[in-house]
Amino acid sequence: MSQDRWSEVDRYISDVVVPSDLALDATLEASTAAGLPAINVAPNQGKLLALLVQMCSARTVLEIGTLGGYSAIWMAGVLPADGRLVTLEADPTYAEVARDNVARAGLGDVVDVRVGPALATLPQLVAEGAGPFDVVFIDADKAANADYFSWALRLTRRGSVIVVDNVVRGGAVVDAASPDPGVQGTRRLYELLGREPRVRATVIQTVGSKGYDGFALAEKDLELRGPGELLGTRQTGIVGFRVADLARDADLLPQVQELGDRLLQQSPDIAERIVSRWVGAALRYASA
Ligand SMILES: C[S@@+](CC[C@H](N)C(=O)[O-])C[C@H]1O[C@@H](n2cnc3c(N)ncnc32)[C@H](O)[C@@H]1O
């Protein structure tokens, strides 16, 4: 199989299943004319993002990595009337092109393009009390993928969905000795996905007009998973997750203990051993 074949199939998919849209086509044309690199998602990937936004009944979306606004327009275009998408872009020239594209698409009131390095903007969003976002799409500099994912966890709620693009990198992600910061950053993301108790995640390899790559998909979940152990079910997880969430911050350990005690008193319907297991697990995570 070759790149030509993958691109041909992507064209076929787009022709038959993902019909072109004037605003999206104009976005790509204006971005090319402005000299932006063609590193936007493919049309069928843009539609996948839009479908995810719709399937989650999302009202709020956070995107890290705007470029010319192509993926932002896909997602913002399916938000409800009161929906909002915040997208972060380091390059002021790209951000200006994106703002023009967003305005042309009639989404100027929905999309907020924030300029600056995302690792500076994300703490600002937390300080502003932004979020929780229902969907987060991470598609910026890959070296910071794990950091972006950690910030995304702070800006989401239970049930939020986080998507990270370009996580296979032509297969280079398996090269532990790679000198590529993007590969190393993405490997750190995999490790985080594997050990983070608050998410359920997978990674899917893809081929297409954008080459051989893949995306990670995670749901911020109720379940608290320990190394080699599954503690509780979705039902009992409501209690356990809240305890675990608090315990991520070591300063909150006394409150965690108190919460556990209170739960034992207030929820006689919840078996004592379950609550104490959750609290114990939460404390182990906090001190790990
Ligand atoms: C792959 S492109 C985004 C494509 C876009 N999501 C789309 O599909 O239309 C990555 C973007 O991230 C931006 N970027 C790179 N490093 C960044 C950083 N530290 N903070 C914010 N944006 C950054 C780049 O300037 C570029 O526009």
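Me: Start with a loop. Where is P132 placed?

Reply: P132 sits in the loop between α6 and β4. Those labels come from DSSP runs, numbered from the N terminus: helices are H or I with at least four residues, strands are E with at least two. This is a predicted model, where local features need pLDDT of at least 70 and side-chain atom pairs count only at pLDDT 80 or more, while totals for chains, interfaces and linings use all residues. Residue numbers start from 1 along each chain as its sequence is written.

Me: What kind of peptide bond joins G131 and P132, and what is its omega?

Reply: The bond is cis, with omega at about 0°. Most peptide bonds are trans, and most residues other than glycine have a negative phi.

Me: Which phi does L67 have, and where does L67 lie?

Reply: Its phi is positive, about 55°, although L67 is not a glycine. The residue lies in the loop between β1 and α4.

Me: Why is L67 called buried?

Reply: Count the C-beta atoms, placed from the backbone, within 10 Å of its own: 20 or more others make a residue buried, 12 or fewer exposed, and anything in between partly exposed. L67 has 26 others within 10 Å, so L67 is buried.

Me: Which residues does L153 touch beyond its sequence neighbours?

Reply: Leaving out neighbours within four places in sequence, L153 contacts R198 and K220. Contact means C-beta atoms, placed from the backbone, within 7 Å. F133 is 20 residues from L153 in sequence, with the two C-alpha atoms 9.6 Å apart.

Me: Which residues of α7 are buried, and what covers them?

Reply: N145, A146, Y148, F149, W151 and A152 are the buried ones. Their cover includes β1 (60-64), α6 (118-128), β4 (133-138), β5 (156-165) and α8 (181-195).

Me: What describes the packing of α7 on α8?

Reply: Two packed helices are described by the angle between their axes and the distance between the axes. For α7 and α8 the angle is about 40° and the axes are 7 Å apart. Axes are lines fitted to C-alpha atoms, for helices over the stretch in contact, and angles run from 0 to 180 degrees between N-to-C directions. Under 35 degrees is roughly parallel, over 145 roughly antiparallel, 65 to 115 roughly perpendicular, and the rest oblique. α7 is therefore oblique to α8.

Me: Which residues meet there?

Reply: N145, A146 and F149 of α7 meet G185, T186, R188, L189 and L192 of α8. The contact has four nonpolar, three polar and one charged residues. Ala, Val, Leu, Ile, Met, Phe, Trp, Tyr, Cys and Pro count as nonpolar; Asp, Glu, Lys and Arg as charged; the others, Gly among them, as polar.

Me: Why are α2 and α5 called roughly antiparallel?

Reply: Helix α2 (residues 22-33) and helix α5 (residues 92-104) pack at about 155°, with axes 9 Å apart. That angle is over 145, so the pair is roughly antiparallel. A23, A26, T27, A30 and S31 in α2 meet V97, D100, N101 and R104 in α5. By class, this contact holds four nonpolar, three polar and two charged residues.

Me: Why is D165 called buried?

Reply: D165 has 23 other C-beta atoms within 10 Å, so it clears the cut-off of 20. D165 belongs to strand β5.

Me: Which residues come nearest the ligand?

Reply: N40, G65, Y70, S71 and D141, out of 18 around it. A residue is near when its C-beta atom, placed from the backbone, is within 6 Å. The shell has 10 nonpolar, four polar and four charged residues. α4 (70-76) and β2 (84-89) each supply at least two of its residues.

Key
Two residues are in contact if their C-beta atoms, placed from the backbone, lie within 7 Å.
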